[in-house]
Amino acid sequence: MHILVLMLGLMTGHPALAGAEATKPIKVVVLGDSLSAGLGLAGQEAFPAKLQKALQDKGLPIDMTNAGVSGDTASGGRDRLDWSVPEGTEAVIVELGANDALRGIDPMLTRSALAEIVTRLKARKIAVMLCGMLAPPNYGSNYAAKFDAIYPDLAKRFDVPLYPFFLEGVAADPKLNQADGIHPTAAGVDIIVSKMLPTAEAFLRPLRGQ
């Protein structure tokens with residue numbers, strides 16, 4: 001039966017193949033740190049799993065891989081890029097930089113690492129979406145200004161979509177964060193996903209010509 005459908009598709013301008021392509025899951029990797037890895041949460045409560053479900057509920061077939069590594073910096077993500085983003089990946093959501101800001105890493109190093117990540121992914125014809133991060137106040141306003149500018153600057157430079165602040169609506173809210181005050185609870189992840197969903201959907205839907 002499958003062979004017959006395929007033959008009919010070949011004879012009539014590939015509608016069967018086109019339909020199969022439209023329903024084929026988009027292979028997405030979330031390249032991140034503990035915020036996307038889901039530190040302190042069950043696997044199904046982590047950001048990639050919940051974003052995948054939200055997109056699927058919107059009718060978008062998604063196969064999302066959680067490539068979050070707790071403690072990773074932007075440089076760490078760059079250094080493991082090739083094995084974290086396998087061949088066949090169509091899109092990458094980059095969520096890196098929070099640990100850079102917490103450790104006071106020179107924003108120029110963070111900027112350089114993220115720029116290399118985007119450059120290398122685009123060279124592989126992989127779509128990229130950046131998730132922005134904001135520096136905590138303890139390193140002063142000068143550091144924060146340099147750090148906070150990284151994400152909008154890179155999004156403009158490389159013409160890639162940007163979700164301005166990954167922890168929007170969740171940061172500094174004790175009810176939505178675990179005891180460490182840094183990592184979201186499951187309820188916090190729900191808010192992150194709901195706020196980011198329109199941006200993620202607009203990023204991924206065109207990959208299926210929708």
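What share of the contacts in the chain with a separation of 6 or more comes from residues 24 or more positions apart? Such residues account for 76% of these contacts, a contact being heavy atoms within 4.5 Å. The model is a predicted one, in which local features need pLDDT of at least 70 and side-chain atom pairs count only at pLDDT 80 or more, while totals for chains, interfaces and linings use all residues. Residues are numbered from 1 along each chain as its sequence is written, and side-chain values use heavy atoms, with hydrogens and water left out.

The chain has eleven helices and five strands, taken as DSSP runs (H or I of at least four residues for helices, E of at least two for strands) and numbered from the N terminus. Of its 210 residues, 46% count as buried, that is, under 20% relative accessible area with a 1.4 Å probe, protein chains only.

Helix H11 (residues 186-204) carries a kink of about 50° at Leu197, shortly before Pro198, where the bend is the angle between axes fitted to the seven residues ending at a position and the seven starting there. Leu197 is itself buried, as are Ile192, Val193 and Met196, among others in H11. The buried residues of H11 pack against several elements, including strand S1 (26-32), helix H4 (47-57) and strand S2 (62-68).

Helix H8 (residues 107-123) has end C-alpha atoms 24 Å apart, which agrees with the 24 Å that its 17 residues should span at 1.5 Å a residue, the expected span being 1.5 Å times one less than the number of residues. Among the buried residues of H8 are Thr110, Leu114, Ile117 and Leu121. An α-helix has 3.6 residues a turn, so residues three or four places apart point the same way. Just after H8, Lys125 takes a positive phi of about 65°.

Notes: Buried means under 20% relative accessible area, exposed over 50%, partly exposed in between (1.4 Å probe, protein chains only).
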